[in-house]
Amino acid sequence: MTDALQTPDRATLQRRTVTTLVGSQVLGGVGLSAGIAVGALLAEQVSGSARFAGLGGTFQVLGSALVAIPMARVMAARGRRPGLALGYALAAAGAVGLITAGIIGSFPLLLVSSLAFGGATTANSQSRYAAADLAPPDRRARDLSIVVWATTLGSVLGPNLVGPSAPVADALGLPRLTGPFVFSLVGLLLAIVVVLVRLRPDPLLLSRRLALDEGGEPAEPTHGSVTRGLRVAFAHPVARLGLLTLALGHGVMVSVMVMTPLHMSHGHAELTVIGLVISIHIIGMYAFSPLTGLAVDRVGGRVVALVGSGILGAATLLASVSPMGESSTLVAGLFLLGLGWSCTLVAGSTLLTSAVPAAERPGVQGASDLLMGLAAGGGGAVAGVIVDRVGFQALALTSLGFAMVIGLVAIATRAPADPLDGDGRPVPA
């Protein structure tokens, strides 16, 4: 069995896996971003108050964190394919619920459906780990980063479907603001089909079988508990760095990003300018991720995490000195905010995957996405309070402090005496 999957056959399987994940990532991204584009407007319309417009997004972020728990268990027991399909299926059910909430005017249904819709975020996020299952250690970060990069295509295409969705909604007799969720539903269902049909053999199951065939890992049960995953990650210094890099990097990015439109609006910036700045931020997040992956493979995740900390620090400093409205410093800061996040995401994900045994990865990876979701939700909520009480500059400087924590921990972390290779086995020093 093992001989049959040596290079180039294993490399061929890995290319097929990455290609499949890129396809599902684009479709899932379209489904997710098409709905997000009008989510706040639909929440305002259904609730009847602008005060509750942000709750839909908040519940979606919370949902993405909570869905990571069952997804980790399913992946541990049955592999990546059913786990990813579960996330997309929950999101598709959420899209149906959001359309229904718009029709009948039920705000509680909208909130519950937003929780389920967050499954698309979790599935897209977990796809990066599926890309690493069969990758050789010296290409793990690059393959992971390609799947992250694919999010760009879906994220850009999805919001552009808002306009064409209006006649579709009219033709179906639906409220116009529910039209984008029709496209979301189609994209998510197609993502399920791609995962179930093309993600064969399952990369996680195959990687386990290969590890056993090579005699490098005992036949111990695979763990999908995120609670156990947290304990395992915090017990290993490199995994702990990866977990902290992911959570803090994500929290810093979301906190500053979600308040930027408000900061610009208070300075009377036009909506088109605000949209352009956020687009530049998204380019920074995803467009350069393959280069980030190459850097992680060449110089190591700890170094790139340190670089990401520095870039996030520069971004928050620029944001802190940016006047209200539009400014070149804010544009540069938001671009660097996205780029720094890309460094922390790819570096943290690679550190986490490389540092723990294969049997522990589903639980540890699920724990990482749970913490990222909680950091995003908590950071976004606290960011609003800080801006309301003491202003955007205080938020940026607070975020600077958290960005520096990543760098300090990266400097303090040293690899253990028995580093783990790609299958979680000790390698000779």
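Helices H13 and H14 are oblique to each other, a label for angles that are neither under 35 degrees (roughly parallel), over 145 (roughly antiparallel) nor 65 to 115 (roughly perpendicular). This is a predicted model, in which local features need pLDDT of at least 70 and side-chain atom pairs count only at pLDDT 80 or more, while totals for chains, interfaces and linings use all residues. Residues are numbered from 1 along each chain as its sequence is written, and side-chain values use heavy atoms, leaving out hydrogens and water.

Let's look at two helix pairs side by side. Axes here are lines fitted to C-alpha atoms over the stretch in contact, with angles from 0 to 180 degrees between N-to-C directions.

| Helix pair | Angle | Axes |
|---|---|---|
| H13 and H14 | about 130 degrees | 7 Å apart |
| H15 and H16 | roughly 150 degrees | within 10 Å |

In the H13 pair, Thr292, Ala295, Val296 and Val299 of H13 meet Gly301, Val303 and Val304 of H14, where contact means heavy atoms within 4.5 Å. The residues of this contact divide into 5 nonpolar, 2 polar and no charged. Here Ala, Val, Leu, Ile, Met, Phe, Trp, Tyr, Cys and Pro count as nonpolar, Asp, Glu, Lys and Arg as charged, and the others, Gly among them, as polar.

H15 and H16, by their angle, are roughly antiparallel to each other. On the H15 side Leu345, Leu352 and Thr353 meet Arg361, Val364, Gln365, Ser368 and Met372 of H16. That contact divides into 4 nonpolar, 3 polar and 1 charged.

Which residues touch the most other members of the largest nonpolar core? They are Leu337, Leu352, Phe392 and Leu395, in a core of 55 residues. Such a core is a set of buried Ala, Val, Leu, Ile, Met, Phe, Trp, Tyr and Cys residues joined through side-chain atoms within 4.5 Å; buried means under 20% relative accessible area with a 1.4 Å probe, protein chains only. Helices supplying at least two residues each include H6 (140-157), H14 (301-320) and H17 (392-412). H15 gives the largest share, 12 residues. Beyond its neighbours within four places in sequence, Leu337 is in contact with Val252, Met253, Val256, Met257, His281, Leu312 and Ala315. Another core, of 38 residues, lies apart from this one, and Ala92, Phe117, Val147 and Val182 are among its members.

Across the protein chain there are 17 helices and 0 strands, counted as DSSP runs from the N terminus (helices H or I, at least four residues; strands E, at least two). Of its 429 residues, 54% are buried.

Conventions. Buried means under 20% relative accessible area, exposed over 50%, partly exposed in between (1.4 Å probe, protein chains only).
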